[in-house]
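The following paragraphs lead the reader through a protein structure, from its overall organisation to individual residues. Please keep the sequence and the model in view while reading.

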Amino acid sequence: MAEINNTQYFKYNTDPETRVKMVLDVVYNAMAEKGYNPVNQIVGYIMSGDPTYITNHNNARSMIMKVERDELVEELLREYIRNKSWERKEV
């Protein structure tokens with residue numbers, strides 16, 4: 001049993017794919033709430049690496065900067081392929 005005087009902590013692990021999806025969702029919604037075109041702004045960030053393309057609203061800028069830009073591209077492409085049913089079928 002844990003000692004009552006010791007601080008306990010909870011460690012929350014998410015797989016990288018889920019984490020990237022969550023970040024993209026928050027960023028997209030924050031951009032839309034502020035009246036920006038989320039697609040244009042996210043593309044600008046991915047292409048340039050300039051975080052000022054992303055609003056600070058809802059901590060979106062800080063969140064997206066914690067994800068590598070290539071991970072963002074991979075996730076966006078992965079979702080596009082899934083939605084287009086281009087994935088290779090298992091034989």
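The model is a predicted one. Among contacts between residues at least 6 apart in sequence, 49% join residues at least 24 apart. The secondary structure consists of four helices and zero strands, and along the sequence the elements follow the pattern α-α-α-α.

The surface may be described next. The protein has 91 residues, of which 22% count as buried. Its accessible surface comes to about 7300 Å², and carbon and sulfur atoms account for 51% of that area.

How are two of these helices placed relative to one another? Two packed helices are described by the angle between their axes and the distance between the axes. For helix α1 (residues 16-33) and helix α4 (residues 69-84), the axes come within 10 Å and cross at roughly 90°. Because angles of 65 to 115 degrees count as roughly perpendicular, α1 is roughly perpendicular to α4. On the α1 side, the residues that meet α4 are Pro16, Glu17, Arg19, Val20, Lys21 and Leu24. Their counterparts in α4 are Glu71, Leu72, Glu75, Leu76, Arg78, Glu79 and Arg82. By residue class, this contact between α1 and α4 divides into five nonpolar, no polar and eight charged residues.

Attention now turns to a loop residue. Thr55 is found in the loop between α2 (38-48) and α3 (60-65). Is Thr55 buried or exposed? The relative accessible area of Thr55 is 11%; since buried means under 20%, Thr55 counts as buried. Leaving aside neighbours within four places in sequence, Thr55 is in contact with Ala30, Met31, Lys34, Tyr36, Ala60 and Arg61. Of these partners, Ala30 and Met31 fall within the span of α1, residues 16-33, while Ala60 and Arg61 fall within the span of α3, residues 60-65. The side chain of Thr55 also has a polar atom that lies 3.1 Å from the backbone nitrogen of His57.

In sequence, Val39 and Tyr28 are 11 residues apart; in space, their C-alpha atoms are 7.6 Å apart.

Methods:
Residues numbered from 1 in each chain as written. Predicted model: local features only at pLDDT ≥ 70, side-chain atom pairs only at ≥ 80, totals over all residues. Heavy atoms only, no water. Helix = DSSP H or I, 4+ residues; strand = E, 2+ residues; numbered from the N terminus. Buried < 20%, exposed > 50% of the residue type's maximum accessible area, 1.4 Å probe, protein only. Contact = heavy atoms within 4.5 Å. Areas by Shrake-Rupley, 256 points an atom, 1.4 Å probe, with all protein chains shown as cover. Polar contact = N/O pair within 3.5 Å; in protein donor to acceptor, adjacent residues only side chain to side chain. Axes fitted to C-alpha atoms, helices over the stretch in contact; angles between N-to-C directions. Parallel < 35°, antiparallel > 145°, perpendicular 65-115°, else oblique. Nonpolar A, V, L, I, M, F, W, Y, C, P; charged D, E, K, R; others polar.
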